[in-house]
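This report describes strand pairing and one surface feature. The sequence and the structure are shown first.

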Amino acid sequence: PVSVLDTTRTGWARSDLGFRFDQVLGADTFNLEGDLYADHNPGGQNLEKARGGNLNFHWAHNFDGGDSLAVQLSGDNSARIIPGQREELTTYDAQIQHSTSLGWNDAFIWGGEYRQFKESYYTPGLGFGFINPITTITLESIFAQEEFSLLPSLKATLGLKLENNSYSGLDRKS
């Protein structure tokens, strides 16, 4: 067999670096992970590049009575670079959730979330059209859900979610 080495390098190349750390300490579980990456076209055409990274943290605690509490925080940034322009998206997210019982063979879960998206578009040196618009979108929500047994093989679930966002304001989902 003859081995042929492709030296044209016309495809995409990606460099990626990541880590993950998990730890259990008694009733607490921790997780921290992140990634950095860069994409490019190594064919010498320099048409498009991309880069980004993220960081995620999760903590959960189990209480003696069966309750649990979980918190998750994350951030992500990515950019796409084309000669003469750059698009960038940054996202932040925070979530909390508590699971408990109200005392009658039920499961009550409640929590909330805050999320922010920031999108930017840069066109350096261009003096026409739109100039470097930045859009920020936010989303806040809270929810509650109750599940209880009607019969051994029949459960009922009731829930409510309130959500506020940059586009439509306050929404109610039940």
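Which residue in E3 does Phe 30 stand opposite? Phe 30 stands opposite Trp 59. The model discussed here is a predicted one.

His 61 has Leu 69 in E4 as its bridge partner. E3 and E4 form a hairpin with 5 residues between them. In the turn of this hairpin, Gly 66 has a positive phi of about 105 degrees.

## A nonpolar surface patch

Phe 19, Phe 21, Leu 32 and Leu 55 form a nonpolar patch on the surface, and together they have about 370 Å² of accessible area. Leu 55 is located in strand E3. Because its relative accessibility is 46%, Leu 55 counts as partly exposed, a class that lies between the limits of 20% and 50%.

Strand E5 (residues 85–100) pairs with strand E6 (residues 106–122) in the antiparallel sense over 15 bridges. Within this pairing, Gln 116 in E6 is the bridge partner of Tyr 92. E5 and E6 form a hairpin with 5 residues between them, and Gly 103 in the turn has a positive phi of about 110 degrees.

E6 is joined in turn to strand E7, residues 134–151, by 15 bridges, and these strands run antiparallel. Here Glu 119 stands opposite Thr 135 in E7.

Notes:
Residues numbered from 1 in each chain as written. Predicted model: local features only at pLDDT ≥ 70, side-chain atom pairs only at ≥ 80, totals over all residues. Heavy atoms only, no water. Pairing = 2+ DSSP bridges. Helix = DSSP H or I, 4+ residues; strand = E, 2+ residues; numbered from the N terminus. Patch = residues over 30% accessible without salt bridge, like charges linked within 9 Å, V, L, I, M, F, W, Y side chains within 5 Å. Areas by Shrake-Rupley, 256 points an atom, 1.4 Å probe, with all protein chains shown as cover. Salt bridge = Lys/Arg side-chain N within 4 Å of Asp/Glu carboxyl O. Buried < 20%, exposed > 50% of the residue type's maximum accessible area, 1.4 Å probe, protein only.
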